[in-house]
Amino acid sequence: MLYHNIKGVPDFECHEYEEKKSRYCLCIPIINEKENIRLELHRARVNKVHTLCDIIICDGGSTDGGTDEDMMRSLGVNTLLVKKGPGKQGAQLRMGFYWALKRGYQGIITIDGNNKDSIEDVVKFIEKLDEGYDFIQGSRFIEGGQAINTPISRHIAVKLIHAPVISFTAKEKFTDTTNNFRGYSVKYLTHPLVQPFRNVFKTYELLAYLSTRASQLKLRTCEVPVTRAYPNSGKVPTKISPIKGNSELMKILLANAAGRYNP
């Protein structure tokens with residue numbers, strides 16, 4: 001089914017493999033992550049994540065065959081959403097959030113699809129959503145978390161730049177602010193002073209904004225320990241280019257700190 005002309009949501013196709021089965025869903029944004037998403041979904045299957053929450057793949061328009069229906073079904077994917085409109089990660093998340101809210105989930109968990117994160121820790125986010133938390137940030141830098149093979153440049157950038165700026169903006173300390181392993185309550189995403197369905201959120205703006213808005217609105221927030229593991233060798237799995245990408249991230253951080261994304 002094609003969804004189009006929805007305000008603040010990119011046009012997208014929906015391929016529903018199963019009916020809604022859980023109170024919560026796990027949204028995984030991907031683009032051309034064929035091998036990584038296969039490995040990640042296999043880990044999820046082994047750890048029975050698909051029995052805890054419905055798995056929703058938010059595809060940005062992959063061309064590598066990584067969203068083959070037979071593979072998606074065999075690995076426990078509930079629904080595949082394929083973005084047709086403009087935008088990058090922020091648009092993929094808006095697509096996923098819209099679908100999840102429309103379907104009536106009580107909370108949404110997100111995780112990257114590049115097989116770096118401990119998808120088996122989804123249960124920790126479900127527990128916190130059950131306890132009434134509105135924003136749950138996964139962190140490799142708190143007790144119980146693990147940062148494995150983190151590139152030194154990425155470690156320094158998170159510790160000395162990204163996390164301090166986000167914490168200053170939120171007026172609450174967060175330690176792993178580039179991590180997309182998170183949980184969001186419906187209360188948070190539908191709050192009239194949040195309004196995530198806006199076209200300004202094209203790339204990484206929505207991640208920065210949602211990192212800080214919950215605390216600003218005095219909603220309940222917390223961090224939970226997770227593992228983020230980079231490969232021992234080879235290319236670092238990331239969509240952020242070293243110079244242009246990091247420059248754009250800094251602009252987004254400063255715009256968010258100035259309140260430019262607030263409705």
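How many bridges join β3 to strand β6, and in which sense do the two run? Four bridges join β3 to β6 (residues 107-110), and the strands run parallel. Strands here are DSSP runs (E, at least two residues), helices are DSSP runs too (H or I, at least four residues), and both are numbered from the N terminus. Two strands count as paired if DSSP finds at least two bridges between them.

The model is predicted, so local features need pLDDT of at least 70, side-chain atom pairs count only at pLDDT 80 or more, and totals for chains, interfaces and linings use all residues. Residues are numbered from 1 along each chain as its sequence is written, and side-chain values use heavy atoms, with hydrogens and water left out.

The sheet was examined next. Nine strands form an open sheet with mixed pairing. Their order is β1-β2-β5-β4-β3-β6-β9-β7-β10. β1 (2-3) and β10 (221-225) stand at the edges. Each has a single partner strand, so one side of each is left without a neighbour in the sheet.

Within this order, Tyr24 has Gly107 of β6 as its bridge partner. β6 is also joined to β9 (residues 182-185) by four bridges, and this pair runs antiparallel. Thr110 stands opposite Arg182 of β9. Both faces of β6 are covered. Gly107 and Ile109 lie on one side, Ile108 and Thr110 on the other, and all are buried. Buried means under 20% relative accessible area, exposed means over 50%, and partly exposed lies in between (1.4 Å probe, protein chains only).

Strand β7 (residues 135-139) has five of its five residues buried, so it is largely enclosed by the rest of the structure. Phe135, Gln137 and Ser139 point one way, and Ile136 and Gly138 point the other way. β7 pairs with β9 in the antiparallel sense over three bridges. With β10 it pairs in the parallel sense over five bridges. Phe135 stands opposite Tyr184 in β9 and opposite Thr221 in β10.

Nonpolar cores were then located. A nonpolar core is a set of buried Ala, Val, Leu, Ile, Met, Phe, Trp, Tyr and Cys residues joined through side-chain atoms within 4.5 Å. The largest has 38 residues. Phe12, Ile56, Leu81, Phe97, Tyr184, Tyr188 and Leu210 touch the most other members. Strands and helices that each supply at least two residues include β2 (12-16), β4 (54-59), α3 (89-103) and α5 (152-170). Another core, of 31 residues, lies apart from it, with Tyr24, Leu26, Val82 and Phe125 among its members. In soluble globular proteins, nonpolar side chains tend to be buried together.

Phe12 has contacts beyond its neighbours within four places in sequence. Among them are Met1, Leu2, Tyr3, Leu81, Lys84 and Tyr98 (contact: heavy atoms within 4.5 Å). His4 sits in the loop between β1 and β2. His4 is partly exposed, with a relative accessible area of 45%. His4 and Lys84 are 80 residues apart in sequence and 8.9 Å apart in space, C-alpha to C-alpha.
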